[in-house]
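Hello,

Here is the structure I promised to pass on. Have a look at it first, and my notes on what turned up follow below.

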Amino acid sequence: MSPSGELLFVVFAGLLTDLATGLGALPFFFVDDIDDRWRVGLWGLASGIMVSASGFGLFREALNYGGPTEIAAGALAGVALVVVAEHVIDDHEFEPRDIAAADVKKLALIAGVLTVHSFPEGVAVGVSFADMGIDGGLSVLGFSIPILAVFMTIAISIHNVPEGLAVSIPLHEHGARRWTLVGVAVFTSIPQPIGAGIAYVFVQIARAALPFGYGFAGGAMVFLVLSEFIPEAREVGRALPHNGRRELATGIAVGVAGMVPMLFVT
C-alpha cells in the first residue's frame, strides 16, 4: 500500500475518534437529563482507559525503541503541551453555546483553542500507527494495522464520549436542537484526525524519535486524566453520596480492566 494511502487511513482513524465525540450527545435524543452517577462513571471509565492505554500500550511500546530517558523527555514535553493548552483555554474561556453561535472570526479562535486541547489525543492515535504495514498486524481493508493502533483508536473514541456529553449538557439546557448537539460535539474534536496525520508522518520520517513520540502521547494523556478528567468527575460527584467516589472508582476499574488484553496482544 502506498504511503499516501497509509496516511489517509491514519487520518480516517483519527476521524473516527472525532465522530465518537458526537455519541456523547445521543442520550439527549431519548432523555432530557443525564444522572450525575452516570456522568461520574463515564469520566472514571475514560480515565481508566486513558491511563492504562498509556501504560500498557504507549510507554511499554516505547521501551522497544529507546530508553527511559528518551521516554521521560517525551512525557515531560507532553505534559508541557497540556499545561500550555490549559492556560490558553483559561485565557479564552468558551461555553459550548458560543461555538454554536460563533461568527467566522470567533470560530477561528475557538478552533485554535480546540486544536491545542485535542491535539495530544490525535498524536496518540498517529504514533500508535508507527509500525503500520509491518507483518504481524491486523489486516483491515488491505492494510496491516498494529494491534496497538486498534486499541488506541478504540480507547480515544471511548474517552471522547464523556467529553461529547460534557459539551452537550449546557447546550441542551439552553434549548439547542439535538443534531446541533452532535455537530458541536464533533467540532470540538476536529483536531484529532489532523494531529493523527501529522504525528504519523513525523514518526515515519524520524523513526529514531519514536520513544520520544510514544512518551509524548502517553505523558499528555496521563496528565489530561489527572488535571481534567478526575477533577471534572469529582466536581460532578459533589452532590452524590460519598462525593461520587464509588461511581468514579467503578468507572476507573472497568476502564483499566477493558485495556488489560492490550498486555497480551501487543
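Let me start with the cavity lining: α6 gives the largest share of the residues around the largest cavity, namely four. Helices and strands here are DSSP runs (H or I over at least four residues for helices, E over at least two for strands), numbered from the N terminus.

Before going further, please note that this is a predicted model, in which local features need pLDDT of at least 70 and side-chain atom pairs pLDDT 80 or more, while totals for chains, interfaces and linings use all residues. Residues are numbered from 1 along each chain as its sequence is written, and side-chain values use heavy atoms, with hydrogens and water left out.

Back to the cavity. The structure holds one of 30 Å³ or more, and the space in the largest cavity is about 30 Å³. A cavity here is a set of points on a 1 Å grid over the protein atoms alone where a 1.4 Å probe fits but cannot get out, and lining residues have an atom within 4 Å of a point. Points are joined across faces, edges and corners, and the volume is the space filled by probe spheres set on them. The lining consists of Arg39, Trp43, Pro162, Leu165, Ala166 and Ile169, with α2 (36-62) and α6 (147-173) each supplying at least two residues.

As for the overall fold, the protein has 11 helices and two strands, in the order α-α-α-α-α-β-β-α-α-α-α-α-α. Of its 266 residues, 48% are buried (under 20% relative accessible area, with a 1.4 Å probe and protein chains only).

Leaving aside residues up to four places away in sequence, glutamate 247 touches Arg37, Val40, Gly41 and Leu240 (contact means heavy atoms within 4.5 Å).

Finally, there are four aromatic pairs (rings of Phe, Tyr and Trp, the last by its six-membered ring, with centres within 6.5 Å; planes under 30 degrees apart are stacked, over 60 edge-to-face, the rest tilted). Phenylalanine 9 and phenylalanine 129 form an edge-to-face pair, because their ring centres are 6.2 Å apart and their planes at 65°. This pair links distant parts of the chain, 120 residues apart: phenylalanine 9 sits in helix α1 (residues 3-21) and phenylalanine 129 in the loop between α5 (104-128) and β1 (138-140). Phenylalanine 9 is buried at 12% relative accessible area, and phenylalanine 129 is buried at 1%.

Best wishes

Technical notes. 1 Å grid on protein atoms, 1.4 Å probe; cavity = no way out; pocket = protein on both sides within 12 Å on 5 of 7 lines; lining within 4 Å. Buried < 20%, exposed > 50% of the residue type's maximum accessible area, 1.4 Å probe, protein only.
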